[in-house]
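This briefing is written for a reader who is meeting the structure for the first time. Please keep the sequence and the 3D view at hand while reading the points below.

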Amino acid sequence: MFQWHRSSATASYPAELLPRARGMVVVTGQSKASATPDDAMSSSDAEDDFQEPATPTATQAGQALPLLPQQFPEVVPLNVGGMFFTTRLSTLRRYEDTMLAAMFSGRHYIPTDAEGRYFIDRDGTYFGDILNFLRSGELPPRERVRSVYKEAQYYSIGPLLDNLEDIQPLKGEKVRQAFLGLMPYYKDHLERIIEIAKLRAMQRKARFAKLKVCVFKEEMPITPYECPHFNSLRFERSESEAKLFEHHCEVDVSFGPWEAVADVYDLLHCIVSDLSARGITVEHQCIGVCDKHLINHYYCKRPIYEFKITWW
């Protein structure tokens, strides 16, 4: 019979040289019934030993993500939504506060495709324009500015956004939005035009729908004949008289008033442009003015336009 005892082992070697036992196996020729307390571990010793975490298996280790930080080559192959690009790592890291710099900083894990290219799950149509700016500051042609601007927003490339906002068509759009900002319900009115036109076309089973839109710049009625009277009345009328000028024209949607150099035709251009940008075919024409009588010889005189929305 061969027996191994804790006391004999610790007597022969210094404690610091002894490996920590994960479990103890006793080999003996005696039957289980004849074993003595010194021949095997107690149940409490076994529980203490097996409380330590087990070493991961090869399968578990293979499924784990790579340890951070991730290392990137100096020349980086990219797969952006199925389109392939190659650039230097320093190009992707050119501006610190961008998404690309953060992605390829090593702090985040970037998956690769079957060919080892780093994969970005984004449409790559305009990614070449993004790289060209990061490489040399090159800006896209005018017809691509709006699309590249959206990509620059996604990748948080502030310098590119600033440059694009200073060229057409975005520079002109900033001026236009400054004008539209005078009308806080402009977008709501656009939605109302679309909704009314859709409901009318569906109810009538028609290809198009028509609706009346009032676009007026001045809050008070003005005609060449009324101007002198209007100017005096503006400052002398009482609150009760002022209410006589307050009314709603019998139209579907009203835009105005506003105080700016831009006139009614400028706002009409904005309305048509914004509807067209959403794929809606729209035509409009002036069909007269509102003839509602207000006070004395004053009538509304706000222009009324007929909008025709064609759905197919």
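Predicted model: local features only at pLDDT ≥ 70, side-chain atom pairs only at ≥ 80, totals over all residues.

Which element gives the largest share of the lining of the largest pocket? That share, seven residues, comes from α9.

**The largest pocket**

- The volume of the largest pocket is about 570 Å³.
- Its lining consists of 22 residues. Those that lie nearest the centre of the pocket are Arg146, Glu173, Arg176, Gln177 and Asp274.
- Two or more lining residues are given by each of the elements α7 (145-154), α9 (170-180), α10 (186-204) and α13 (264-277).
- Sorted by class, the lining of this pocket holds 10 charged, eight nonpolar and four polar residues.

**Helices α9 and α13**

- The axes of α9 and α13 come within 11 Å, and they cross at roughly 115°. Angles of 65 to 115 degrees count as roughly perpendicular, and α9 is therefore roughly perpendicular to α13.
- The crossing of these two helices, α9 and α13, is left-handed.
- On the side of α9, the contact is made by Arg176, Phe179 and Leu180. On the side of α13, Asp266, Leu267, Cys270 and Asp274 take part.
- The residues of the contact between α9 and α13 comprise four nonpolar and three charged ones, with no polar residue.
- Two residues of this contact, Arg176 of α9 and Asp274 of α13, are also listed among the residues nearest the centre of the largest pocket.

**Helices α10 and α13**

- Helix α13 also packs with α10, at an angle of about 60° and with the axes 11 Å apart. The two helices, α10 and α13, are therefore oblique to each other.
- The crossing of α10 and α13 is right-handed.
- From α10, the residues in contact are Tyr186, Leu190, Ile193 and Ile194. From α13, they are Leu267, Cys270, Ile271, Asp274 and Leu275.
- How do the residues of the contact of α10 with α13 divide by class? Eight are nonpolar, one is charged and none is polar.

**Helices α7 and α8**

- Helix α7 packs with helix α8 (residues 158-165) at an angle of about 155°, and their axes are 9 Å apart. An angle over 145 degrees counts as roughly antiparallel, so α7 and α8 are roughly antiparallel to each other.
- The crossing of α7 and α8 is left-handed.
- Helix α7 contributes Val145, Val148, Tyr149, Ala152 and Gln153 to the contact. Helix α8 contributes Leu160, Leu161, Leu164 and Glu165.
- The contact of α7 with α8 has seven nonpolar residues, one polar residue and one charged residue.

**Backbone features in the loops**

- Serine 156 is found in the loop between α7 and α8. This serine has a positive phi of about 55°, although it is not a glycine.
- Is the peptide bond from glutamine 168 to proline 169 cis or trans? The bond is cis, with omega near 5°. Proline 169 is found in the loop between α8 and α9.
- Glycine 256 and proline 257 are likewise joined by a cis peptide bond, with omega of about 0°. Proline 257 is found in the loop between β5 (253-255) and α13.

Conventions. Residues numbered from 1 in each chain as written. Heavy atoms only, no water. 1 Å grid on protein atoms, 1.4 Å probe; cavity = no way out; pocket = protein on both sides within 12 Å on 5 of 7 lines; lining within 4 Å. Points joined across faces, edges and corners; volume = space filled by probe spheres on them. Helix = DSSP H or I, 4+ residues; strand = E, 2+ residues; numbered from the N terminus. Nonpolar A, V, L, I, M, F, W, Y, C, P; charged D, E, K, R; others polar. Axes fitted to C-alpha atoms, helices over the stretch in contact; angles between N-to-C directions. Parallel < 35°, antiparallel > 145°, perpendicular 65-115°, else oblique. Left-handed = near helix turned anticlockwise from the far one by under 90°. Contact = heavy atoms within 4.5 Å.
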